[in-house]
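Here's a quick tour of a protein model for you. Take a look at the sequence and the structure, then we'll walk through a few spots together.

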Amino acid sequence: VIKCKAAVAWEAGKPLSLEEVEVAPPKAHEVRIKIVATAVCHTDAYTLSGADPEGCFPVILGHEGAGIVESVGEGVTKVKPGDTVIPLYIPQCGECKFCKNPKTNLCQKIRITQGKGLMPDGTSRFTCKGKQIYHFMGTSTFSEYTVVADISVAKIDAAAPLDKVCLLGCGISTGYGAAVNTAKVEPGSTCAVFGLGGVGLAVVMGCKVAGASRIIGIDLNKDKYAKAKEFGATECISPQDFKKPIQEVLAEMTDGGVDYSFECIGNVGVMRAALEACHKGWGVSVIVGVAAAGQEISTRPFQLVTGRTWKGTAFGGWKSVDNVPKLVTDYMSKKIKVDEFVTHTLPFDKINEAFELMHTGK
């Protein structure tokens, strides 16, 4: 058993608490990882807020991390101690019907137990002050050591800077893949990206890599425009600057609507606007943001009857074990940006400040 520091969420709506936790050794087909760097994501904040129907407490949150394998359980063959890895919140077992289908990346092998905050055998590897602590998204990167299933780990280039590539564990991969895998943005096309946070910027980058000629960023926070343009946005607008609905504004700007739109906020009203901003006959709108529990999307069916397509994406459609190492390689060869997404680097004990910076849009 390893004793180490972890940021524990004892209950919903309270700041994280830095505690000494015990991390049990990995069982069969499990891997114990020394986490070197982790990022914070809106999904962590969503669960912490208490709005997540799958949220269990007390829990160690975090799902954008990178580290070094410390030890492996029985039967683990793909990684060994000392390997550099990224934990994966969407695993890839290679055996289930989802993994065998090229149309999806949603491996279901450990979905049920992962959703309950437990390891595949139905137990936890974390204890603190004599209490069992739940896992989160199969990763729990807000701990100096974590245990994950062996199908939830990608071995990456040992030379990669872990304080940067941890972002490929969720946000950057999700946005970039939404453009290149889910939407399959075509050269010369026109795109609209709603929400210019980390995921939105990754979508902008994906649209640019795919050769889009016009990339319109939409955000209420104008402080984000300069960064968006650095990533490839050709122009940025705020819905507050117009009297009419943003979908009408976009239709006027683009002679009938955009070829591709992306919702990167998790707001069902914006999801509708993003669909309706698409061009009649061929426009495709991709939902990337995660809406709160129980919310529903709506539009007039005529929008779809007249040739628009509504799609969703999880982790950018990447089959995780296969593709995360390739994304790291693309970053190392400067094909995709990663460093530019990092605004602040804080010590672990300032993790609550990191959440505040995220909430204020900084």
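How are H1 and H12 oriented relative to each other? Keep in mind that this is a predicted model. The two helices pack at an angle of about 105 degrees, and since angles of 65 to 115 degrees count that way, H1 and H12 are therefore roughly perpendicular to each other.

**Where the two helices meet**
- Helix H1 covers residues 42-49 and helix H12 covers residues 351-359, and their axes are 11 Å apart.
- On the H1 side you'll find His-42, Asp-44 and Ala-45, which meet Phe-355, Met-358 and His-359 of H12.
- Sorted by class, this contact has three nonpolar, two polar and one charged residues.

**A histidine in a loop**
- His-135 sits in the loop that runs between strand E8 (131-133) and strand E9 (145-149).
- Is His-135 buried or exposed? Its relative accessibility is 4%, so it counts as buried, the cut-off being under 20%.
- The His-135 side chain reaches the backbone nitrogen of Arg-125 at 2.9 Å.
- Leaving aside neighbours within four places in sequence, the contacts of His-135 include Val-59, Ile-60, Met-119, Phe-126 and Val-147.

- Strand E6 (residues 84-87) pairs with E10 in the antiparallel sense over three bridges.
- Ile-86 has Ala-154 in E10 as its bridge partner.

Methods
Residues numbered from 1 in each chain as written. Predicted model: local features only at pLDDT ≥ 70, side-chain atom pairs only at ≥ 80, totals over all residues. Heavy atoms only, no water. Axes fitted to C-alpha atoms, helices over the stretch in contact; angles between N-to-C directions. Helix = DSSP H or I, 4+ residues; strand = E, 2+ residues; numbered from the N terminus. Parallel < 35°, antiparallel > 145°, perpendicular 65-115°, else oblique. Contact = heavy atoms within 4.5 Å. Nonpolar A, V, L, I, M, F, W, Y, C, P; charged D, E, K, R; others polar. Buried < 20%, exposed > 50% of the residue type's maximum accessible area, 1.4 Å probe, protein only. Polar contact = N/O pair within 3.5 Å; in protein donor to acceptor, adjacent residues only side chain to side chain. Pairing = 2+ DSSP bridges.
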